[in-house]
Amino acid sequence: MSPRQRLSPAGRRAQLLAVGARLFAARPYDDVLMEEVAEEAGVSRALLYRHFSSKHALFAAVYQQAADRLLAETRLDPADSLVEQLVQGIEVHLDYFVANRHAVLAANRVLAGDPVIQTIMTNELDALRTRLLAVLPLADESGAREAVSGVLKSWLVFVQVLCVDWLAHETCTRTQLRDVCVGAVLGALRPLLAEDPGGPPVPEKNLGRGCRGS
């Protein structure tokens, strides 16, 4: 164990979260031990458990922090085209997924159905849906907003499932994955929007060369 640093409670919690995030990113969930977290942080197990009552509690806090950061980094700038905004959002999430493959797979597979983790995911998807609704050119017809909201909700789940499957199997390139995700929502939204959302960001020569089935 490295020498313990004197930190404020908030500083200690931040340190433990950083250590936990690094370990959960590096190895599968089941291979990460609380004893390792304490040793890496240079604290006793008792102090670690004072901040996080279990490995599950630590992982949930790490994942919540990641969700908050992803939302902060997902910028939907009205000055950009809808395609550009969608690409930026997908790229931010893919950057995190690739860098934290084990943590993402743990949240979506090992802990699938866990109510705490599912709540974090649901809240993030709901926040993204609200942001997208705010920048989309919605039609004036009654019910247009509800229809678009329903499409976005289904699309965000589709993207989540597809990206997790890609992390496990890599059945296509990252660029193809991004373009499949963006193209799917553009096609689904086109009949519901007041303006055409634009074409897919994929060069014509690449069409038809998307992800293979796993």
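Trainee: In this predicted model, which residue does Arg178 meet in a salt bridge at 3.0 Å, N to O?

Mentor: A salt bridge is counted when a side-chain nitrogen of Lys or Arg lies within 4 Å of a carboxyl oxygen of Asp or Glu. The model is predicted, so side-chain atom pairs count only at pLDDT 80 or more, local features need pLDDT of at least 70, and totals for chains, interfaces and linings use all residues. Residues are numbered from 1 along each chain as its sequence is written, and side-chain values use heavy atoms, with hydrogens and water left out. At 3.0 Å, N to O, the partner of Arg178 is Glu91.

Trainee: How many residues apart are Arg178 and Glu91?

Mentor: Helices are DSSP runs of H or I with at least four residues, numbered from the N terminus. Arg178 sits in helix α9 (residues 174–189) and Glu91 in helix α5 (residues 82–99), so the pair links distant parts of the chain. Their separation is 87 residues.

Trainee: Is Arg178 buried or exposed?

Mentor: Buried means under 20% relative accessible area, exposed means over 50%, and partly exposed lies in between, with a 1.4 Å probe and protein chains only. Glu91, at 21%, is therefore partly exposed. Because the relative accessibility of Arg178 is 15%, Arg178 counts as buried.

Note on methods. Helix = DSSP H or I, 4+ residues; strand = E, 2+ residues; numbered from the N terminus.
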